[in-house]
Amino acid sequence: MGSRVRRVSGEAVRFSAVNIVATLLAVVLFNAFVHGVPMFLSPGPLNGWPATSWFIANCVGMGLSFYGSRRSAFRHRRASGPGGGFLNYALVNLASFVISMARLWVTRNVLHRQSALADNVSANVVGAALGTVFRFWAFRRFVFKKRGGLFQGRRCEHESARGPELRPHEPELLQHEAQQRQADAHDVVGVAGHAGHEGAAEAVEGEAPRHG
């Protein structure tokens with residue numbers, strides 16, 4: 001239990017680090033698309049399309065996140081699916097996008113808040129936090145799966161330490177084989193002793209009678 005907690009905790013820490021870097025990239029791109037770049041461009045070229053801007057920015061961040069997850073966060077697991085796991089990874093990310101995009105849509109169209117602060121809190125803080133939890137669970141379940149060899153190897157080492165596991169009828173078979181080996185050894189000794197006795201008898205019979 002303790003080893004599992006440590007393993008999952010390590011994955012979570014590494015995944016969070018990768019996710020932070022990818023999220024920062026996506027946030028910079030999102031704000032550049034929607035709100036522009038201070039002293040250079042204001043507003044951004046996609047100011048009227050915040051959801052589209054968020055989607056494009058996070059697709060770029062997704063590529064970086066996949067590389068980091070495969071090389072660092074889940075490096076001890078095998079990637080499942082076509083493209084080295086990228087297709088399954090992309091599908092999970094697209095599913096998680098719905099969370100942040102829904103938050104952004106509500107902020108813009110229900111709460112009627114269009115400031116940079118409102119957009120970022122809605123999509124890149126609350127939405128991103130919920131999306132991160134969902135992705136971590138989904139990545140471990142559907143994308144980066146356990147390597148069978150790792151756990152199979154540990155099981156084999158454990159079995160070799162305690163000896164091979166016997167089937168119900170095998171103890172009797174092993175006992176019979178041990179008794180058979182003992183019987184064979186006894187027969188060999190008996191045959192050798194009998195041969196030595198016969199040789200000695202023949203030597204006695206062949207000796208000339210001694211006269212006193």
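What you see is a predicted model, where local features need pLDDT of at least 70, side-chain atom pairs count only at pLDDT 80 or more, and totals for chains, interfaces and linings use all residues. Residues are numbered from 1 along each chain as its sequence is written, and side-chain values use heavy atoms, leaving out hydrogens and water.

The average pLDDT (the predictor's confidence in each residue, from 0 to 100) is 77 for the chain, and 69% of the residues score at least 70. Over residues 149–170 pLDDT stays under 50, and the model has five contacts (heavy atoms within 4.5 Å) for them beyond four places in sequence.

## Two helices side by side

Helices here are DSSP runs of H or I with at least four residues, and strands are E runs of at least two, numbered from the N terminus. H2 packs against helix H3 (residues 86–109) at an angle of about 145°, and their axes are 10 Å apart. Those axes are lines fitted to C-alpha atoms over the stretch in contact, with angles running from 0 to 180 degrees between N-to-C directions.

Among the residues making this contact are Trp-54 and Phe-55 of H2, along with Tyr-89 and Phe-97 of H3.

Where does Arg-77 sit? Look in the loop between helix H2 (50–73) and strand E1 (78–79).

Leaving aside neighbours within four places in sequence, Arg-77 is in contact with residues including Glu-11, Phe-144 and Arg-147.
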